[in-house]
Amino acid sequence: MQPELERALRDRNYTGVFLEQLTWEDFCTGFAESVQNIRQFTFQAVFSGVGRWSRLIDASRVALRLHGAIEEALIKAKFANLPALETAIDDERLLFQFRDTDYAFDLTFYGNGRVQLTRPGSTLRTFHRWYTRLMPTLPDILRKAIAALDAELHRALEGEQSSGIAPDEITKRVKLLTADFTFDVVCHNFRRHRFNDRARNLDVMMENIAIRLPDAGGRIDRSTNGAPQGDYDDFGRMDYRVSRRHPTQLSVSEHLQVMAPAASDWSGLFFQLVYSGEHSGADQQGTRVSLDTHHFLQPAAGADAYMSFFRDIGLAGFLASVTKGYDFDTTSGSLA
């Protein structure tokens, strides 16, 4: 493992760490070896000051600039298959789809300022190759998107005659308000260690999270679980969610959620692990803090979200604790 990566894991500071140099062998250690698939990955962000595109900016002009930025990212990521990049232009949406067999993703810029990057399910190993190659380029795409939108807003507000102004003289109106990385993992087909008998998702939840279920009157009795073990006919689902503050980034919170729906005969646990940055975050005194825009517009945020949060906290910490005592399978799709 790189000395810089060892330092970053210890200090939660990934400045100077090159994620593209992180090998699968470095990532897939310990409990991560038990997780074979990821169901979906989503990055979402919100820009301010955009308004509605159909009234303020030329979507085609922005699309041309962003298409070039995404092509540069694909070249840097060594995905090579540039003809697989397609662009769809609407009044209120720009959609960029990379239709590659291994490295597919959708990147959408909405007219209300929302940005969404979605990667479909795959094996975790294939996802690792995609994430470590593409995600270090995302901050550059976002910065170029902000610059393109600023230029269009300047043109709309100051008139066409202002189009020749130098980029560094354009008023900066568009800002990054929120950003989050969401990793979805589905575990199913639970078997108890050594016994190999099948267990339902609620068996796993109640054994390892110690949640009590309400009775028919909605009451929770501390002396009992509120329902006989395995008697779940009156229940629809069970969800558990908690968030923790990032140890060094005040505007970042780390959300851990697991859902146990009744679908597919209580067979699956759906984990959603979210590394989230917002302006509305608060420190321990309750004072609101602003989003550290610089953090999310640098590759360090994606590295921290992937290594320290997703692998170490999400998989080796939370998912391992919830499923303790059970063997399971994972899937990159649905349980239907």
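Select Asp265 to start: this residue is found in helix 8 (residues 263–266). Helices here are DSSP runs of H or I with at least four residues, strands are E runs of at least two, and both are numbered from the N terminus. The model is predicted, so local features need pLDDT of at least 70 and side-chain atom pairs count only at pLDDT 80 or more, while totals for chains, interfaces and linings use all residues. Residues are numbered from 1 along each chain as its sequence is written, and side-chain values use heavy atoms, with hydrogens and water left out.

**Stop 1**

The cut-offs are under 20% relative accessible area for buried, over 50% for exposed and in between for partly exposed, with a 1.4 Å probe and protein chains only.

Now select Arg12. Look in the loop between helix 1 (3–11) and helix 2 (24–27). Arg12 is not a glycine either, yet has a positive phi of about 55°. Arg12 is buried, with a relative accessible area of 13%.

**Stop 2: the whole chain**

Zoom out. The chain has 10 helices and 11 strands. Of its 336 residues, 49% are buried. The chain exposes about 16300 Å², and carbon and sulfur atoms supply 47% of that area. Areas come from the Shrake-Rupley method with a 1.4 Å probe; for residues, only the protein chains shown count as cover.

Contact means heavy atoms within 4.5 Å. Take the contacts in the chain with a separation of 6 or more: residues 24 or more positions apart account for 69% of them.

**Stop 3: helix 4 against helix 6**

Select residues 59–76 for helix 4 and residues 138–158 for helix 6. Two packed helices are described by the angle between their axes and the distance between the axes. Here the axes come within 10 Å and cross at roughly 165°. That makes helix 4 roughly antiparallel to helix 6. Angles over 145 degrees count as roughly antiparallel, under 35 as roughly parallel, 65 to 115 as roughly perpendicular and the rest as oblique. The axes are lines fitted to C-alpha atoms, for helices over the stretch in contact, and angles run from 0 to 180 degrees between N-to-C directions.

Which residues of helix 4 meet helix 6? Show Arg61, Val62, Arg65, Leu66, Ala69, Ile70, Glu72 and Ala73. Across from them in helix 6 are Ile141, Lys144, Ala145, Ala147, Ala148, Leu149, Ala151, Glu152 and Arg155. By class, this contact has 11 nonpolar, no polar and six charged residues. Ala, Val, Leu, Ile, Met, Phe, Trp, Tyr, Cys and Pro count as nonpolar, Asp, Glu, Lys and Arg as charged, and the others, Gly among them, as polar.

Next, pick Asp58, in the loop between helix 3 (53–56) and helix 4. Asp58 counts as partly exposed, at 32% relative accessibility. Draw a distance from Asp58 to Leu149: they are 91 residues apart in sequence and 9.4 Å apart in space, C-alpha to C-alpha.

**Stop 4**

Select helix 5, residues 124–134. How many of its 11 residues are buried? Eight are, so the helix is mostly covered by the buried cut-off. The buried ones are Leu124, Thr126, Phe127, His128, Trp130, Tyr131, Thr132 and Leu134.

Leu124, Phe127, His128, Tyr131 and Thr132 of helix 5 make the contact with Gly302, Ala305, Tyr306 and Phe310 of helix 10. By class, there are six nonpolar, three polar and no charged residues.

**Stop 5: two strand residues**

Select Gln44 in strand 1 (residues 37–47). Gln44 is partly exposed, with a relative accessible area of 26%. Leaving aside neighbours within four places in sequence, Gln44 is in contact with Arg114, Val115, Gln116, Thr178, Ala179 and Asp180. Gln44 and Arg114 are 70 residues apart in sequence and 7.3 Å apart in space, C-alpha to C-alpha.

Finish on Thr108 in strand 4 (residues 105–110). Thr108 is buried, with a relative accessible area of 7%. Residues up to four places away aside, Thr108 touches Arg93, Leu94, Leu95, Arg114, Val115 and Gln116.
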